[in-house]
Amino acid sequence: MKLFWKRLLRSEAVLYLVAGVLTTAVNFVCFHGLDLGLFRSGLSARMSYQIAYAAAFFAAVIFAYWTNKFFVFRNFRLEPLYLLREFSGFFAARLVSGLLTFVLLVGFIELLHFGHSLAWLSTTTVNLVFNYLASKFWIFKK
């Protein structure tokens, strides 16, 4: 039984989930902090969540790249050209998923009248699944 728990805690899926939770926390803090701060500074609610989403997206992508590279997929190659190609692919996949989830976010808020937090949570779930599949089978494949 002890071996089972040891293997489970080292499994890629569990490590990805932990990295995903941490990345989501980075995104959540950035998004909500900026959304609230921008709104309180006089920016319209429509503009505040859009700017906050973009900034939180970039912060989360950078954080996610490093945690996925080293912690989840244990890829320790550090050659500059390799890193550039790898990060470019990672960023491209995240950009596609980010644009998809942004469109969903706008749709949930503008068309379905979800609250900002519920819309964020819904789109983050879609984003998490897409990003795991892209990372496992394209970016960090062995």
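Which residues form a nonpolar patch on the surface? Leu17, Val21 and Leu128 do, with about 260 Å² of accessible area together. Patch residues have over 30% relative accessible area and no salt bridge, and nonpolar side chains are joined within 5 Å; areas come from the Shrake-Rupley method with a 1.4 Å probe. Val21 sits in helix α2.

This is a predicted model, in which local features need pLDDT of at least 70, side-chain atom pairs count only at pLDDT 80 or more, and totals for chains, interfaces and linings use all residues. Residues are numbered from 1 along each chain, and side-chain values use heavy atoms, without hydrogens and water.

Helices are DSSP runs (H or I, at least four residues), numbered from the N terminus. Those that each supply at least two residues of the lining of the largest cavity are tabulated here.

| Helix | Residues |
|---|---|
| α2 | 12–40 |
| α3 | 45–72 |
| α4 | 80–111 |
| α5 | 116–139 |

There is one cavity of 30 Å³ or more, a cavity being a set of points on a 1 Å grid where a 1.4 Å probe fits but cannot get out. The largest cavity holds about 250 Å³ of space. Its lining has 20 residues (an atom within 4 Å of a point), and Thr23, Asn27, Arg94, Asn127 and Asn131 are the closest to its centre. The lining comprises nine nonpolar, ten polar and one charged residue.

Three salt bridges are counted (a side-chain nitrogen of Lys or Arg within 4 Å of a carboxyl oxygen of Asp or Glu). In one of them, Lys136 and Glu12 meet at 2.8 Å, N to O. This pair links helix α5 to helix α2, 124 residues apart.

Terms used
Patches are made of residues with over 30% relative accessible area and no salt bridge: like charges are joined within 9 Å, nonpolar side chains (Val, Leu, Ile, Met, Phe, Trp, Tyr) within 5 Å. On a 1 Å grid over the protein atoms alone, a cavity is a set of points where a 1.4 Å probe fits but cannot get out, and a pocket is an open set with protein on both sides within 12 Å along at least five of seven lines; lining residues have an atom within 4 Å of a point. Grid points are joined across faces, edges and corners, and a volume is the space filled by probe spheres set on the points. Ala, Val, Leu, Ile, Met, Phe, Trp, Tyr, Cys and Pro count as nonpolar, Asp, Glu, Lys and Arg as charged, and the others, Gly among them, as polar.
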